[in-house]
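Please read it beside the coordinates.

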Amino acid sequence: MNGESPQAKPSPDGDRTSLQPEALSRAFVDHVTFTLGHSLEQSTAFDRYSALALAIRDRLMERWIVTKAEYERSDCKRIFYLSAEFLTGRALLTNLQALDLEAEMRNVLAELGIDLDDLVEQEPEPGLGNGGLGRLAACFLESMATLALPGQGYGIRYEFGIFEQEFKDGHQIERADEWLRFGSPWELARPEHAYEVGFGGTAHNVPDGTGGFRVVWTPESAVMGVPHDVPVAGFRNGTVNTLRLWAAKSSREFDFGLFNAGDYVRAVERKNASEVISKVLYPNDSFEAGRELRLRQEYFFVACSIHDILRKHLTRYARLDNLSDKVAIQLNDTHPAVAIAELMRVLIDDHRMPWDEAWTQTVATFGYTNHTLMPEALERWPVSTFERLLPRHLEIIREIDRRFAREVMTAYPLDRGRVERMAIIDQDSPPHIHMARLAVVGSHAVNGVAALHTELLKEHVMRDFAELYPERFSNKTNGVTPRRWLFACNPELCTLVTDTLGHTRWVEDTTRLRELEAHLEDPGFLERLGDVKLQHKRKLADFVRRELSVSVEPTYLFDVQIKRLHEYKRQLLNLLHIVALYLRAKRGEHVVPRLFVFGAKAAPGYRQAKRIIRLIHDVAHVINRDPRVPEVRIAFLPNYRVTLAERIIPAADLSEQISTAGKEASGTGNMKLGMNGALTIGTLDGANIEIRDAVGEDNFFLFGMTVEEVVARLAVSAAGRPACEASDELRAVLDLIADGFFSPDEPERYRSLISGLLDVDEYMVLGDFDAYSACQRTVSDRFGDRKAWLRMSARNVARLGGFSSDRTIGEYASEIWGVHPVPVPLPGGGPTGRGGANVGA
């Protein structure tokens with residue numbers, strides 16, 4: 001910094017939200033001084049980050065208020081997106097880009113001797129999601145704002161998000177993710193809209209004053225839900241929508257009587273028990289207490305959200321018979337499915353609406369997105385748990401189930417088995433409530449998230465329901481926001497695209513990336529594309545060397561698999577191939593040098609996934625230290641998260657999308673990596689099929705069994721032994737692992753894992769090995785032809801623009817929600833329609 005430190009000065013009237021450089025500089029220094037209480041030279045890097053975030057939030061605030069006012073003025077229908085996860089990532093850089101202020105702010109800070117990138121790195125990442133589900137929800141909210149759609153997200157303000165992952169001797173260690181340790185400058189608490197949520201107690205009939213009866217639920221305990229609002233800015237438009245996150249607070253903070261009696265622990269016991277609801281994302285559900293807490297979490301945020309939606313609606317219209325005309329609610333998977341029972345309870349019990357009318361409004365209001373074909377992921381709750389925690393909701397679900405059973409009987413009078421298969425409450429011992437079935441029955445629209453997933457949903461998982469309600473089912477293939485996954489994380493590629501196309505309109509309409517196809521034979525363009533990739537690979541190689549002490553050249557093939565650790569995602573198949581490559585290199589065969597990059601967290605209670613993590617580390621420990629085989633190196637980067645993905649994805653050459661066919665709903669990592677020029681090796685699963693169709697089969701490395709072949713194989717035998725006996729290479733790999741080569745201190749460590757695969761190869765890890773290995777040989781051959789590889793990479797960039805979440809959200813809006821854009825004027829760009837609106841309303 002040159003000269004004396006700038007001193008905070010009073011801002012002239014009217015420039016509190018100005019985008020001019022002088023006003024930006026003043027706002028930043030003002031926040032350092034007046035909000036945080038420091039001089040600029042005494043402030044820490046985190047202070048400066050906080051001050052910059054607050055200065056940017058000021059500029060969002062006016063648009064936030066105007067957006068709310070414009071929605072009120074237009075009397076529009078709104079979409080409310082309910083999700084247990086929102087994996088938003090850092091907000092500072094994306095908000096700067098949304099406001100088109102990145103370059104300006106970078107210059108302003110440089111004049112003060114401050115590097116913007118240093119401040120960006122200070123921002124804690126909100127760990128409010130576990131993986132693809134939460135990241136998709138965040139992409140969807142950003143696209144709603146960019147498309148000027150009147151939308152709002154609802155979720156939980158987890159005090160401790162998805163755990164921070166460390167590795168110790170190959171073991172996954174989970175640490176608390178204290179992202180809120182110092183608060184968040186982006187959120188605004190709205191205690192005036194807090195809501196009391198009840199649990200337990202009894203439901204009983206009381207006279208309604210007209211000769212009839214109504215049901216009154218008297219909860220045994222209650223917790224307060226306090227909303228915290230986060231702005232969601234549209235890209236370079238006037239729209240700023242809201243993500244409202246609910247924090248649990250005790251309805252009784254402190255028992256002074258117990259404290260005075262000397263019982264200091266019990267004095268705060270109730271407070272602690274209440275507030276644990278929003279403490280941790282997805283408590284370990286290996287135990288009954290964890291499962292019960294998870295249901296409490298789901299009902300807590302659903303009850304708060306339904307109350308909030310109806311409060312807004314009644315304030316505006318003072319009636320509920322038009323609810324579905326003005327409100328659409330989307331359930332992001334089964335976690336919020338209890339919202340159907342909650343809306344029915346409120347309409348019937350609190351507002352005395354007749355059952356049939358309430359049910360009509362409920363079904364017309366809700367849409368349901370299914371994200372999984374895995375039976376264990378389709379939530380089921382013991383009836384006894386509902387009876388204890390949500391007795392009134394159990395009564396309502398029983399009545400929904402009774403009426404639905406009658407509907408099925410009428411439609412299929414001679415098919416008793418169908419009635420039993422479709423029951424919302426099954427007849428198992430003990431009986432369970434099937435939340436996915438409740439979601440289908442209680443929604444007017446049900447969608448899958450990739451073409452294959454939707455077909456499998458209709459043909460297998462939900463076949464009976466699809467036959468009864470064919471008009472309800474549709475496909476909405478997932479997408480990702482190009483603003484974060486291209487514009488923010490790969491500015492070098494964006495510069496190349498803009499220079500090549502001669503415009504920036506592709507940023508808001510990524511289908512225009514197709515115009516790059518006219519340049520696929522241009523040596524200059526391909527050379528620059530290769531340089532961009534090499535630049536990112538150098539950065540990642542430096543990062544891997546710093547973090548893991550693993551050294552590779554940036555010319556290596558960077559082979560990337562970054563996703564949640566699950567057996568069906570087949571990180572183990574990838575690892576078996578790595579060991580095979582290692583053995584080939586040891587025999588003196590030519591092996592194209594590769595860096596295998598892993599990023600994955602295993603659920604705390606998922607033991608098999610944790611064993612695979614440890615095996616990957618044990619294999620890496622041996623291979624990375626073998627100086628005779630420098631061609632194969634492994635980097636398992638800890639604590640995979642959005643910011644790490646933003647570092648890895650632009651550097652990837654090969655994208656591993658190798659799930660067992662029929663198991664992955666869609667996947668979005670395949671889209672992010674492909675948009676950034678990585679080529680995909682994958683199965684015909686999830687959105688891989690549509691990606692392959694888009695880029696062309698010559699630009700996609702396909703291997704493995706189809707869904708039909710997997711089903712046929714398992715119908716004969718699930719054993720993996722035949723695949724092992726038919727493959728000398730696979731047998732050598734498995735023997736090496738089972739005999740303890742990679743675990744010499746405990747030779748038996750992985751013997752049971754290997755013997756388990758030989759006995760039951762449910763996910764075709766062994767069954768697909770030879771096909772995968774052969775396909776990887778093709779990858780190596782293609783990588784050796786740099787020009788051909790770059791042309792394939794460019795074609796991926798050009799043809800994957802259709803996998804934008806803007807396209808997906810546009811389809812939801814027009815085909816399911818019936819919601820239309822409400823353009824919001826930019827400040828100073830015409831009438832603002834403020835009308836005294838309040839962002840927090």
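1. A salt bridge here is a side-chain nitrogen of Lys or Arg within 4 Å of a carboxyl oxygen of Asp or Glu. This is a predicted model: local features need pLDDT of at least 70, side-chain atom pairs count only at pLDDT 80 or more, and totals for chains, interfaces and linings use all residues. Residues are numbered from 1 along each chain as its sequence is written, and side-chain values use heavy atoms, with hydrogens and water left out.

2. Arg 731 pairs with Asp 728 in a salt bridge, with the closest N and O atoms 2.5 Å apart. Both residues sit in helix H30, three residues apart, about one turn of the helix. Helices are DSSP runs (H or I, at least four residues), numbered from the N terminus.

3. Accessibility classes are: buried under 20% relative accessible area, exposed over 50%, partly exposed in between (1.4 Å probe, protein chains only). Asp 728 is exposed, at 57%. Arg 731 is partly exposed, at 31%.

4. Arg 749 forms a salt bridge with Asp 618, closest N and O atoms 2.7 Å apart. Arg 749 lies in the loop between helix H30 (728-738) and helix H31 (751-759) and Asp 618 in helix H24, so the pair ties together parts 131 residues apart in sequence. Both partners are buried.

5. Arg 749 also bridges to Glu 746, at 3.1 Å between the closest N and O atoms. Glu 746 is partly exposed, at 37%. Arg 749 has a relative accessible area of 10%.

6. His 617 is in helix H24 (residues 607-623). His 617 is buried, at 17%. Beyond neighbours within four places in sequence, His 617 contacts (heavy atoms within 4.5 Å) Phe 167, Gly 170 and Phe 636.

How values were computed
Helices (H or I, at least four residues) and strands (E, at least two) are DSSP runs, numbered from the N terminus.
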